[in-house]
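Subject: Structure for your files

Hello,

The structure is below, followed by notes on what was found in it.

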Amino acid sequence: MVIKIGYVSQFAPNDRRASSGTNYKVVEQLSKYGEIIWLPIKTPKIYRIFELASKVFARLFHKQIYFLYTKLGCILFARFQNIASQLNKCDIVFAFFNAAPFLTISTSKPIIYLTDATFPSMIDYYPPFYNLFHFNRQQGCILEENLFHKFSAIICASDWAKKSVINDLNQNRGKVHCIEFGANLDDQDILERTFDYIDHLHILFLGVNWERKGGDIALKTCKLLNDNGIKTTLHIIGIKKLNDEVSKLSFVDNIGFLNKNIPQEYKLLLNTISFCHCLLLPTNAECAGIAFAEASAYGLPVFTYNTGGISNYVIDGENGYALPINSTELDFYRKIEYCLKTGTLKELSVKGPALYRNRLNWNHWGGEVHHLIKSLLKQN
């Protein structure tokens, strides 16, 4: 019998851009084990009006508000969804990154919820969650805890998120699972490559937010490498509007934002990854590590900070190094220089793909989720 999986998401199953491709890869895996029934989440107009008003209100007090995780916001969002009436078509429900619609839903169907962070873990850590009203913090934590109690299983993208689900949201440890994401690239495009360094180091910076992803640290690190006799080019992908002062630097190759849905741009992304020697992404806030999985698939050692969920995706001495969060550009320079001169960079380029094949890939994620689905259906 074919398992019917109700997929609750605001993104269409075939949308390759949503969540940097994660939505598409999740559906791709789930469809191997059952029939996908998309149960779309829509943002009600009344919710949008109140959300806008709440942001104007917050600005008056020089604060921010995460309206979805206020009592009013969650009620307005959940009340106008058309999900509950369709649950009888499904054997099991899989919810992607949005728990709010389940506020008003009561069902005997098993529900699996996928997340890469919790509301408590994001407070004052990730930009939209800075400087929130006190009532917003309180209501958000209580709402999420109550919502998570409705789920039969919770899949987290990292141990960092898993610990927060258990400790901050008081969830039963037995229903919380950590399964790492894979690379948001097609399997046939991940080709074996040989580490080939001849007097010029090519470093990749891959991210859409220059400040949060540590662009300045990456830039200063590459300047130090050049100033100390290691000819280096920083290839920057993902930034839509890079400062002219940065893009005009002699050691910077600003490629810009690339859309994976456009074949020429997707090919350019793959070509750039294939000739770079490492990924330098000193991000100061990160929930999971899609970019790190992609780098490992291609044998690019990763240099980043040890923050958020990164430790599940960057293993020191295996596929790179995650430096302490207070590390400076000098620390990154020294680590990269050491790895290059000792041959460690070449060793990491071999170990990274092995880690990708064993764990940081979507087939592994899908297999683990399939086991979980079978277990829940057996219990139901």
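Helix 12 (residues 344–358) contributes the most to the lining of the second largest pocket, with 6 residues; helices here are DSSP runs of H or I of at least four residues, numbered from the N terminus. The lining comprises 15 residues, and Glu192, Arg193, Ser349, Pro353 and Arg357 are the ones nearest the pocket centre. By class, it holds 8 nonpolar, 3 polar and 4 charged residues (nonpolar: Ala, Val, Leu, Ile, Met, Phe, Trp, Tyr, Cys and Pro; charged: Asp, Glu, Lys and Arg; polar: the others, Gly among them). The pocket's space is about 280 Å³.

This is a predicted model, with local features needing pLDDT of at least 70, side-chain atom pairs pLDDT 80 or more, and totals for chains, interfaces and linings using all residues. Residues are numbered from 1 along each chain as its sequence is written, and side-chain values use heavy atoms, without hydrogens and water.

Pockets and cavities were found on a 1 Å grid over the protein atoms alone: a 1.4 Å probe fits in a cavity but cannot get out, a pocket is an open set with protein on both sides within 12 Å along at least five of seven lines, and lining residues have an atom within 4 Å of a point. Grid points are joined across faces, edges and corners, and a volume is the space filled by probe spheres set on the points.

The count is 1 cavity of 30 Å³ or more. The largest cavity has a volume of about 80 Å³. Its lining has 3 nonpolar, 3 polar and 4 charged residues, including Arg16, Tyr24, Asp186 and Lys260.

Regards

Definitions and conventions: Helices (H or I, at least four residues) and strands (E, at least two) are DSSP runs, numbered from the N terminus.
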